[in-house]
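I opened a new structure today and kept short notes as I went. Here is what I looked up, in order.

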Amino acid sequence: MTESSGVIKVLGLHMSPRLDGSSAKMLNVFADGVEKAGAKFKALSVSQLDVRGCMECGHCSEKGECAIDFDDMNQIYSAWEEAQSDGKEGVSTKIVIATPVFFYDMPSQGKAVLDRSQAFWTRRYVLGKNADGVPGSKGFLLACGATKGKDLFMPVTLAVKYLFDAIGFPKSFPTLSYRGIERPEKFSPDQLAEIQKAGYDFVRPPQEA
Ligand SMILES: Cc1cc2nc3c(=O)[nH]c(=O)nc-3n(C[C@H](O)[C@H](O)[C@H](O)COP(=O)(O)O)c2cc1C
C-alpha cells in the first residue's frame, strides 16, 4: 500500500495559548495542504485542555500509566494510543506539532503535555512495549519565534524529537521554522505557500505524486 492509496490520518497538536496567533496560522495553512492531499486532519489545542505537570512519582515506570488519571491529558493519551494502533492496522499515521518559542522553549501548556508523555516513554523503554515503534508513522514540526537567534529552535526541536521517540514515531522529521514572526500577519505569502506545500507533501511525498 502506498501512502497515496491508503487511509492517512494527520493529528495537529497546537502548543500556543493564542488560538488565532502565529502557530495557529501555520497549523491551519498546513492543514489546508493536508486536506488538499486527501488526508483526514484533526487538531487539538493544548491550551484548551487542563493538563497538570508531571509529579515525577514513578507510578508510570511500574504501570505504564500516569497516576494523574483525571485530567485532560487523557485526551492526548488517547490520541497517542490511536496513532499507535492506526499504524498497526495499516493506516498511515502522522502528527504535526505547531509551536511558538517562549523563553527559548515551548509554552508551558505544551511542555506539560511533553512531560506527561513520560508514561509512554516508560512503556517503551522500561516496560518494553511498542519497542519497534509505530509502522508508517511520521512527524513534522512547525515552529516560529519573534527574534532571530541562531539557536532559537534548538530546544523545541530536541523536545519534539524525544516526544516522537517516546510514542514510537521516528526521531528524525522535517521542520519548518520561521524567525521574526511575532504575530500571524508577519508571514509572507511565500512562507504560507511553503507551509501549505509541506502539508500536501507530508501526505503525498513528491516521489509518490
Ligand atoms: C511569554 C513569551 C515568551 C516569548 N519568548 C520568546 C523567545 O524566547 N524568543 C522569541 O524569538 N520569541 C519569543 N516570544 C514571541 C513569540 O514566539 C512570537 O510572538 C510568536 O509569534 C507567538 O506565536 P503564537 O501566536 O502562536 O503564540 C515570546 C512570547 C511570549 C508571549
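Two strands pair if DSSP finds at least two bridges between them. Strands (E, at least two residues) and helices (H or I, at least four) are DSSP runs, numbered from the N terminus. I noted that residues are numbered from 1 along each chain as its sequence is written. This is a predicted model, where local features need pLDDT of at least 70, side-chain atom pairs count only at pLDDT 80 or more, and totals for chains, interfaces and linings use all residues.

**Entry 1: strand E3**

I found that E3 runs parallel to E4, joined by seven bridges. Here Ile97 stands opposite Leu141 in E4. Seven bridges also join E1 (residues 8–14) to E3, again parallel, and Val10 stands opposite Lys94 in E3.

Next I asked how many residues of E3 are buried. Nine of its nine are, where buried means that 20 or more other C-beta atoms, placed from the backbone, lie within 10 Å of the residue's own.

**Entry 2: helix H6**

I checked the length of H6 (residues 154–166): at 1.5 Å a residue, its 13 residues should span 18 Å, and its end C-alpha atoms are 18 Å apart, which agrees. That expected span is 1.5 Å times one less than the number of residues.

Which residues of H6 are buried? I listed Val156, Ala159, Val160, Leu163, Phe164 and Ala166. Seen down the axis of H6, they fall within an arc of 155 degrees, so they line one face of the helix. The arc is that of the directions from the helix axis to the C-beta atoms.

Terms used
A residue is buried if 20 or more other C-beta atoms lie within 10 Å of its own, exposed if 12 or fewer, and partly exposed in between; C-beta atoms are placed from the backbone.
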